[in-house]
Amino acid sequence: MKFNRDQRFVRWFIIFAAVVITALILWNVSLFFDQLKQAERDRMEIWASSMEALNTEDINQYYALSQKINSRNQYIPIIITDYKDSIVNSINIPKGVLDSPQRSQEMLREMAAENEPIRIDILGGDLWYAYYGHSPVINQLKYFPVVLVIIVILFIAVIYFFYATSKASEQNLLWAGMAKETAHQIGTPLSSLVGWTEILKTENVNPEYIEEINKDIARLEIITGRFSKIGSVPKLEAKNIITVTQEAFEYLSKRSSKLIDFQIDVPQGQLFVMLNEELFAWSIENLVKNAIDAMKGKGTLTLIIKRDTRYAKILIKDTGKGIPKMNFSTIFEPGYTTKTRGWGLGLSLTKRIIEEYHDGQVRVLHSEINKGTTFQIALKLIN
């Protein structure tokens, strides 16, 4: 199965993002586990120390217990105030915060919003309040559900992407099989027609008739060759894009309505690009036929070839009904058509020929309703 560059980028970006976020989740879970394990260990040591303090009358034991409790708290920020909201003590608070009355009051308000302060009755009748905030573990856990949702969405996107691309692959294989079978079916009567023309030559038939039949046979051979190449990797050769484009354009101009004014503007010299001549000519014919249909067989159709520093650009302009801007990309999807008897494959094939087989670009350069549309093909020049 083949993907264009945008599809490959999206696929690998989704996979890479999912892997990275999953790795970060696992790493954070590991950190959470270690921190929670250490917190459990600290609480058990404090509990053991409290049991020792209960079984002694030594005041130093109580003092040691208080020191241990304070030293074990390395994560929870605490500010202790008196009943006048003056700061008495603090734990795990940056010094710069305490040096600024405005910042310290803001932190007190934030802590009060997060957790209700704890009242502390002090000997002698004093009253203190302990304000405390969330530990880093709690702060990280707040975002954990959001990250999990992102992970789920990414994996759903990966699954959907692979489902969609596999579906597209099946459709591509179907169309490729149909194209090859069509080429095979055309090949049998085509060989027979070649034999019949040889017989007609011996029957003294007007040579002009045989010449016209041979032209049609040659055309059928070209069509058969095009269909046989669908689904396989075509061979690219260095070709003068001006000559190949002119031949395809002029072939249709001679066989189209006389009410259409065909105009062509090409530069002097040669522009060489890597081409499969048969398939590229097919893409030009598809765009020209699309323009003729848009003009309903009457108007001006202009083909312009120009070059810039790296690309040869082919512009096909018509004076037809135009395309709404929201449909600029939709028109290249298989099955999209505005005609009652269309299959919607011409522009889709053109896009595949140009972008997948020739590593180029085809797009709607400009369009105005009831004024016309300009398509552009861009292919890399051979230096």
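1. Strand E1 (residues 78–82) and strand E4 (residues 127–132) of this predicted model pair in the antiparallel sense over 5 bridges, where pairing requires that DSSP finds at least two bridges between two strands, and Ile-79 stands opposite Tyr-131 in E4. Helices (H or I, at least four residues) and strands (E, at least two) are DSSP runs, numbered from the N terminus. Residues are numbered from 1 along each chain as its sequence is written, and side-chain values use heavy atoms, with hydrogens and water left out. Local features need pLDDT of at least 70 and side-chain atom pairs count only at pLDDT 80 or more, while totals for chains, interfaces and linings use all residues.

2. These two strands belong to an open sheet of 4 strands with antiparallel pairing and the order E2-E1-E4-E3, in which the edge strands E2 (87–91) and E3 (118–121) each pair on one side only. Helix H4 (residues 101–114) packs on this sheet, touching E1, E2 and E4, and its direction makes about 105° with that of E1; contact means heavy atoms within 4.5 Å, and angles run from 0 to 180 degrees between N-to-C directions of axes fitted to C-alpha atoms, for helices over the stretch in contact.

3. An open sheet of 5 strands shows mixed pairing in the order E6-E8-E9-E11-E10. Strands E6 (260–265) and E10 (361–368) stand at its edges with a single partner strand each, so one side of each is left without a neighbour in the sheet. Within the sheet, E9 (residues 311–317) and E11 (residues 372–380) pair in the antiparallel sense over 7 bridges, and Ala-312 has Leu-379 in E11 as its bridge partner. Helix H9 (residues 277–294) lies across E6, E8, E9 and E11, running at about 170° to E11.

4. The structure holds 9 salt bridges, each a side-chain nitrogen of Lys or Arg within 4 Å of a carboxyl oxygen of Asp or Glu. Among them, Glu-356 and Arg-352 have their closest N and O atoms 3.7 Å apart, and both lie in helix H10 (residues 346–357), 4 residues apart, about one turn of the helix. Glu-356 counts as partly exposed because its relative accessibility is 30%, whereas Arg-352, at 17%, counts as buried; buried means under 20% relative accessible area, exposed over 50%, and partly exposed in between (1.4 Å probe, protein chains only).

5. Another salt bridge joins Glu-368 and Lys-371, with the closest N and O atoms 3.5 Å apart; Glu-368 is partly exposed at 34% relative accessibility, and Lys-371 is exposed, with a relative accessible area of 58%.
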